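I opened a new page for this structure and wanted to get my bearings. My plan was to look up how its parts meet, one place at a time.

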Amino acid sequence: MRGVVLVLLVSCALLGGCWDRTEVNDLAIITAAAVDKAGKDEIDLSIQVFIPKEVGGGGLGVPTGSSTRELTTVLSGKGINIADAMSKVQAKLSRKVFWGHCKIYLFGEEIAREGIADHIDFLVRHPEPRNRAYLYISKGKAVETLGIESVLERSTAEALREYASLHIGMPVTLIDFRNMLKSEAQAVAIPYIQEGNKLKDKEQIQKNTPLLGTAIFKKDKLAGVLTSKATRGLLWLRNEITRASISVDLPEGQGLVSVVPIRATTKLIPRIANGKWSILVKIDTEGDIVENATKLNMMEPSSIALVQKSVNDEIKSRIRLALFHLQKEFDADAGNFAAAFHRKYPQEWEQAKPMWDALYPQIDVNIQVQAAVRRPGLISRPAGSTDEHGKAEK
Amino acid sequence: MLEQGKISSAQMGKMIFLAVIASAVTAVPSYSGKYAQNDLWLSPAWASLTGFLTVYAAIALNKLYPQKSVVEYSTDIIGTIPGKLFGLLILFFYIHMTGLIARGYAEFIIGNFLPQTPISIVIITMIAVCAYAVKAGVESIGRTAQLFFFFFMFPLILMPFLLRDMKPDFLFPMLEHGLLPSLKGALIPQGYFSEAFLMSFFLPFVTDRGKGMRSGMLTILGIALMLTCINLFILLVFGTQAADYLYPVMVAFRYISIADFFENLDSVVMTVWILGMFVKISIFYYATVLGTSQWLGLADYRPIVLPIGILIAALSFWSIPNLNQASRFDVISFPFYGPLMQTICPLLLLGLALLRKKGKQQSQAQMTMAPEQAHTHTEKQEG
């Protein structure tokens with residue numbers, strides 16, 4: 001009996017509650033955050049906060065005011081770093097800011113040029129932000145992207161997250177960012193998106209694509225931007241291509257053929273001979289034809305061979321384009337050739353490590369593409385062909 | 001005997017498994033990664049050598065003194081006063097370690113999940129629960145270990161969820177700088193392996209002691225395998241940045257995202273990990289309590305459970321001021337402190353005990369012959 005009384009008395013002390021108790025309705029949930037340069041040694045942190053709808057507001061099918069209500073709002077604060085700016089933003093909110101659901105981190109172009117590693121530190125060190133969040137670099141000011149409405153998704157944050165999971169550009173999470181930064185090459189690639197105010201109204205959204213290409217970083221500083229087309233080349237190099245249609249012009253058939261790769265693997269085979277460093281990019285891919293605007297019958301082995309050859313050349317030219325920018329313009333090894341050399345030639349790499357920046361542009365790159373067209377799609381002859389069967393179509 | 005309970009050798013194995021791995025699993029990939037870089041997956045294999053040696057010492061000593069723990073047989077081996085002094089050292093070591101483990105546990109909880117909660121609450125609640133287990137005796141600790149062992153395996157099932165994010169390239173170049181980095185990386189985990197010596201407190205209560213050696217060795221093998229698995233998994237996901245995270249395993253499980261639906265699995269992993277930590281702290285706590293009552297020659301160990309619990313809580317505050325001191329201790333002192341008390345000293349004891357036994361056998365052999373001689377000798381003297 002005495003024991004029971006004691007236990008009851010002791011548990012009274014716990015009635016005050018738990019220190020870390022948080023209720024959902026006390027939280028302001030961040031869905032995306034944008035960091036821009038504000039002035040000298042100052043940053044501008046903007047967060048997109050989810051606005052919870054009232055439960056039961058409006059009936060089924062009854063249009064009420066709440067249906068057109070905004071789902072998110074954007075708040076900004078200035079500070080010397082994220083933590084400092086965060087406290088300024090917090091002062092504007094009646095609820096405690098919560099990072100746990102923030103899926104997108106945007107950085108403005110200007111701040112990217114100065115380096116973003118210091119800001120990333122907050123995101124990795126603080127226990128709330130998740131490492132699964134994706135990074136984007138925005139043309140102009142990053143905050144503008146947060147303000148725009150998305151056509152299909154709840155918010156721009158959700159739209160950008162979907163982009164990442166579609167693998168149209170390169171999905172780069174915080175972990176990927178740090179892996180690239182800590183890799184041998186110390187070059188980082190992050191998707192680069194259109195300025196927000198170019199995507200404001202419906203017309204602009206129809207006209208402009210949000211994804212512009214890839215921002216290439218040397219260490220944590222922005223070195224340059226690859227166009228969409230060059231980005232494809234980079235994705236091939238990094239063995240990250242999953243969705244791409246390749247359209248090739250066939251002079252023999254007077255028209256275009258499009259092929260969608262189903263499977264693609266890239267191998268980097270480094271070679272050091274007589275002190276000359278070179279690398280062989282070996283690509284093995286197979287795909288299906290999805291569009292045929294030529295006069296060729298795709299059931300003919302000869303026309304498949306023609307397509308394969310043109311696809312090979314097309315992939316090669318895309319990679320050459322990416323490499324031209326990376327090697328000659330930015331001197332940033334975003335394809336991570338350094339790691340390939342490190343793996344195969346550890347000793348030579350050890351010596352070359354300090355002068356990799358000087359060595360990288362000199363590296364000879366050979367590209368070998370083995371493209372196989374497996375299926376012509378669901379029809380054999382071009383859809384517009386009026387020739388009769390059995391006639392030679394060449 | 002102080003303890004009436006009995007455990008099986010399989011239960012003992014599971015207890016030791018959890019006692020070693022519960023805290024090792026959070027920090028080892030980070031510590032090993034610091035020195036071994038991308039060879040960190042090799043380190044647990046080297047480290048397990050200490051574990052095998054420790055288990056051998058504990059079991060061999062138990063064979064010589066089947067009903068006694070280390071605190072008791074040390075007086076038999078090296079004499080009353082040195083033996084008692086050694087016992088005191090061992091007890092101090094264990095009470096200190098229990099405090100440090102409780103603190104490490106609390107630091108993890110506070111740092112990751114409950115930043116606002118006072119650390120004393122986290123430590124005291126844990127020690128209170130453990131005190132209850134210790135009071136209930138070795139049997140209940142054995143059974144909890146048996147049950148929680150299976151829960152503890154659960155995170156291994158979650159690992160394949162990260163397959164998409166694993167990059168086999170991080171493994172290469174293997175052994176770039178030879179074996180040395182991986183050996184350096186083994187220095188810290190081998191400290192954890194030496195904790196297997198705790199079995200010397202439990203062996204007297206094991207019913208099927210013939211299987212003790214087998215289950216002890218299997219336990220060490222299991223720990224080595226699990227740590228290798230975890231290190232490999234961390235390496236493939238994080239590459240060389242593994243060493244930067246204080247709790248890489250936690251970060252990795254937090255990184256899991258399946259179909260945007262299975263996310264934030266860290267809370268599941270944390271729950272399982274707390275179960276493991278509960279067993280670990282209970283075992284250390286129990287060893288301290290049992291050893292102390294044996295050292296003092298008490299009739300029952302239950303009255304000192306609470307006082308020692310209070311001491312453990314106090315030590316968890318006194319020992320270290322902050323997390324980076326704790327991690328400094330783990331890196332600089334513990335790899336030597338742990339094995340010194342738990343592997344080297346027992347091996348020395350074993351050596352001395354074997355010498356003693358040999359000496360005794362010789363003197364016994366002499367004794368059987370001696371009486372006649374002695375007799376004649378005395379006669380001569382009288383004469």
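These are my notes, entry by entry, on a model that is predicted.

**Entry 1: the two domains of chain A**

Domain 1 takes in 24–53 + 67–219, and domain 2 covers 228–394. I then looked up the spacing: the C-alpha centres of domain 1 and domain 2 of chain A are 32 Å apart.

How many residues of domain 1 of chain A are in contact with domain 2 of chain A? I found 18 of them, facing 22 residues of domain 2. For the area, I wrote down about 1500 Å² buried between domain 1 and domain 2 of chain A, with 56% of it on carbon and sulfur atoms. Three residues stand out on the domain 1 side: A:Glu184, A:Ile216 and A:Lys218 supply 37% of the area that domain 1 buries against domain 2, more than any other three residues.

**Entry 2: what holds hands across the domains**

Next I went through the polar side of this interface. Between domain 1 and domain 2 of chain A, the rule finds two salt bridges. I looked up A:Lys218 again, and its side chain meets that of A:Asp331 in a salt bridge, at 3.6 Å from N to O. I also noted five residue pairs in polar contact between domain 1 and domain 2 of chain A.

Which strands supply the domain 1 side? β7 (187–193) and β8 (211–218) of chain A each give at least two residues to the side of domain 1 that touches domain 2. β8(A) gives the most, with seven residues. By class, I noted eleven nonpolar, five polar and two charged residues on that side of domain 1 of chain A.

**Entry 3: a helix in chain A**

I stayed in chain A for one more helix, α11, residues 337–344. Why do I call α11 of chain A largely enclosed by the rest of the structure? Six of its eight residues are buried, so that is how α11(A) comes out. The buried ones are A:Phe337, A:Ala338, A:Ala339, A:Ala340, A:Phe341 and A:His342.

**Entry 4: chain B against chain A**

Then I moved to the interface between the chains. I found 35 residues of chain B in contact with 19 residues of chain A. The area buried between chain B and chain A is about 2400 Å², and carbon and sulfur atoms give 45% of that. In chain B, the residues losing the most area to chain A are B:Gln241, B:Arg254 and B:Tyr255, together 25% of what that side buries.

The rule finds six salt bridges across the interface of chain B and chain A. I checked a pair, B:Asp266 and A:Arg130: they form a salt bridge, with the closest N and O atoms 3.7 Å apart. I counted twelve residue pairs in polar contact between chain B and chain A.

As for helices, α4, α10 (212–238) and α11 (248–255) of chain B each supply at least two residues to the side that touches chain A. α11(B) gives the most, with three residues. That side of chain B has 15 nonpolar, ten polar and ten charged residues.

**Entry 5: one residue up close**

Last, I picked B:Asn112, which lies in helix α4 (residues 80–112) of chain B. Is B:Asn112 buried or exposed? Its relative accessible area is 13%, so I put B:Asn112 down as buried. Leaving aside neighbours within four places in sequence, B:Asn112 is in contact with A:Pro127, B:Tyr247, B:Met250 and B:Arg254.

Technical notes. Residues are numbered from 1 along each chain as its sequence is written. Chains are lettered from A and ligands numbered from 1 in the order in which they are written. This is a predicted model: local features need pLDDT of at least 70, side-chain atom pairs count only at pLDDT 80 or more; totals for chains, interfaces and linings use all residues. Side-chain values use heavy atoms; hydrogens and water are left out. Domain bounds come from an automatic or database domain assignment. Contact means heavy atoms within 4.5 Å. Buried area is the accessible area (1.4 Å probe) that two parts lose on being put together, summed over both. A salt bridge is a side-chain nitrogen of Lys or Arg within 4 Å of a carboxyl oxygen of Asp or Glu. A polar contact is a pair of N or O atoms within 3.5 Å; within protein, one must be able to donate a hydrogen and the other to accept it, and residues adjacent in sequence count only if both atoms are side-chain atoms. Helices (H or I, at least four residues) and strands (E, at least two) are DSSP runs, numbered from the N terminus. Ala, Val, Leu, Ile, Met, Phe, Trp, Tyr, Cys and Pro count as nonpolar, Asp, Glu, Lys and Arg as charged, and the others, Gly among them, as polar. Buried means under 20% relative accessible area, exposed over 50%, partly exposed in between (1.4 Å probe, protein chains only).
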